[in-house]
Amino acid sequence: MSHGPATPMSSRPGNPLRGAAAIPGDKSISHRALILGALAVGRTHITGLLEGQDVLDTAKAMQAFGATVERLGPGEWTVDGVGVGGFAEPAGVIDCGNSGTGVRLIMGAMATTPITATFTGDASLSKRPMGRITDPISLFGAEITAREGGLLPVTIKGAEDAVPVTYRTPVASAQIKSAVLLAGLNAPGQTVVIEAEPTRDHSERMLAGFGATITTENTQEGRVITLTGQPELKAQQVAVPRDPSSAAFPVAAALIVPGSEIRVDGISRNPTRDGLYVTLAEMGADLTWENDREEGGEPVADLIVRHSTLTGVSVPAERAASMIDEFPILSVVAAMATGDTVMNGVAELRVKESDRIDAMAKGLRANGVDVSETPDSMTVHGTGGIQGGGAAVETHLDHRIAMSFLIAGLAAESAVTIDDASAIATSFPDFVALMTGLGADLS
Ligand code: S3P
């Protein structure tokens with residue numbers, strides 16, 4: 001994605017938030033639907049696809065590798081796949097824009113096909129570590145060239161005769177797990193990933209849905225995931241459920257703006273994604289779940305959220321992976337709670353679209369909230385009410401930092417301004433319209 005001029009934006013305190021919020025499709029599942037559709041035989045039909053820039057960049061990449069990707073209407077797409085091992089060599093450089101998930105999963109998916117591809121991205125993605133993917137995919141036989149420090153641009157010469165791999169992920173990361181599993185698709189025999197802490201399991205669920213043989217066993221070492229290589233993946237109908245990480249923003253807003261009550265339908269209750277909701281309940285949030293059901297192979301329910309009086313909690317390190325994208329918005333909620341909220345085991349936040357501990361700490365401090373940090377933890381000293389605001393915040397091309405501070409401004413004493421709202425389009429293009437529709441004052 002190329003970034004145009006920065007678009008500053010402000011939010012200010014105002015009316016209670018009311019109404020129903022229609023959350024867009026899940027980003028993780030949208031990337032995977034396109035990639036697995038491209039690796040399947042036949043036409044995959046996707047509904048509810050997130051049309052954020054990150055996912056659009058993945059759609060473009062799948063076309064560059066030889067799949068035919070078409071948009072039929074809003075959120076409705078088809079992918080004519082080339083089959084496992086059928087990727088063609090792309091003619092140009094693959095630009096994954098802002099998307100760590102896109103670039104890392106696609107690098108895995110092509111690593112065991114004998115073609116060469118070069119990957120690049122925007123200023124944020126170009127600072128993020130790729131060694132965590134290039135190390136395991138080189139074990140399959142791929143040859144890699146990267147910039148100093150394992151950074152993009154990265155060129156991968158896929159393995160001619162891939163060998164299967166057993167890999168223990170060095171950090172809790174669904175992106176690493178998924179890249180290894182996607183590489184294992186075109187290796188003979190069994191590829192095994194062992195993860196000490198469970199991470200989001202969409203790849204496992206969707207690989208099984210597309211017809212791969214994949215098992216998960218909980219052992220003393222952690223989760224052991226075994227994939228049998230060289231399956232024929234079969235095209236599927238994929239109904240993408242709504243994104244719980246995007247839902248987190250209006251949910252947080254309703255909790256901290258006095259008098260609010262909103263409804264968000266179809267929120268994931270997948271235990272690998274629900275850590276924020278568990279944490280909010282512990283803080284005293286008024287959350288009512290209704291209509292438990294399954295959508296797109298994921299457990300979901302409808303959520304009613306009311307403004308709440310909240311108390312700080314300590315979030316255990318074991319929960320971090322299940323809410324890894326929600327810590328920025330949790331820190332805004334924590335600022336409005338009484339007492340300290342301690343976020344443990346969150347070192348991975350330092351290598352997201354920005355260093356999210358640093359970005360949140362600086363932005364909150366500038367707006368009158370006291371924050372302490374260590375290399376792998378962050379503590380927000382809650383003010384117990386509406387205080388602060390008024391300062392401008394740097395967002396570092398990070399959509400979740402941008403949305404978090406716009407939510408903060410809705411419950412501050414005076415407006416909060418962010419330097420650039422353009423990155424929000426990577427994951428939640430309708431964020432401003434949705435929040436304004438609930439009554440938020442953003443401009
Ligand atoms: C994702 C995994 C997470 C998350 C990202 C999406 C995925 O990254 O932060 O937004 O779709 O697999 P890590 O697995 O690197 O923690």
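Axes are lines fitted to C-alpha atoms, for helices over the stretch in contact, and angles run from 0 to 180 degrees between N-to-C directions. The model is predicted: local features need pLDDT of at least 70 and side-chain atom pairs count only at pLDDT 80 or more, while totals for chains, interfaces and linings use all residues. Residues are numbered from 1 along each chain as its sequence is written, and side-chain values use heavy atoms, with hydrogens and water left out.

Helices (H or I, at least four residues) and strands (E, at least two) are DSSP runs numbered from the N terminus. The axes of helix H3 (residues 100-110) and helix H4 (residues 131-139) come within 10 Å and cross at roughly 10 degrees. H3 is therefore roughly parallel to H4 (angles under 35 degrees count as roughly parallel, over 145 as roughly antiparallel, 65 to 115 as roughly perpendicular and the rest as oblique). In their contact (heavy atoms within 4.5 Å), Arg-104, Met-107 and Gly-108 of H3 meet Arg-132, Ile-133 and Ile-137 of H4.

The sheet is open, with 4 strands in the order E10-E11-E13-E12 and mixed pairing; two strands pair if DSSP finds at least two bridges between them. Strands E10 (166-168) and E12 (214-219) stand at the edges with a single partner strand each, so one side of each has no neighbour in the sheet. On average, neighbouring strands are turned by 15 degrees against each other, direction ignored.

E12 pairs with strand E13 (residues 222-228) in the antiparallel sense over 6 bridges; there, Thr-216 has Ile-225 in E13 as its bridge partner. Helix H5 (residues 174-184) packs on this sheet and touches E10, strand E11 (190-195), E12 and E13. The direction of H5 makes about 175 degrees with that of E11.
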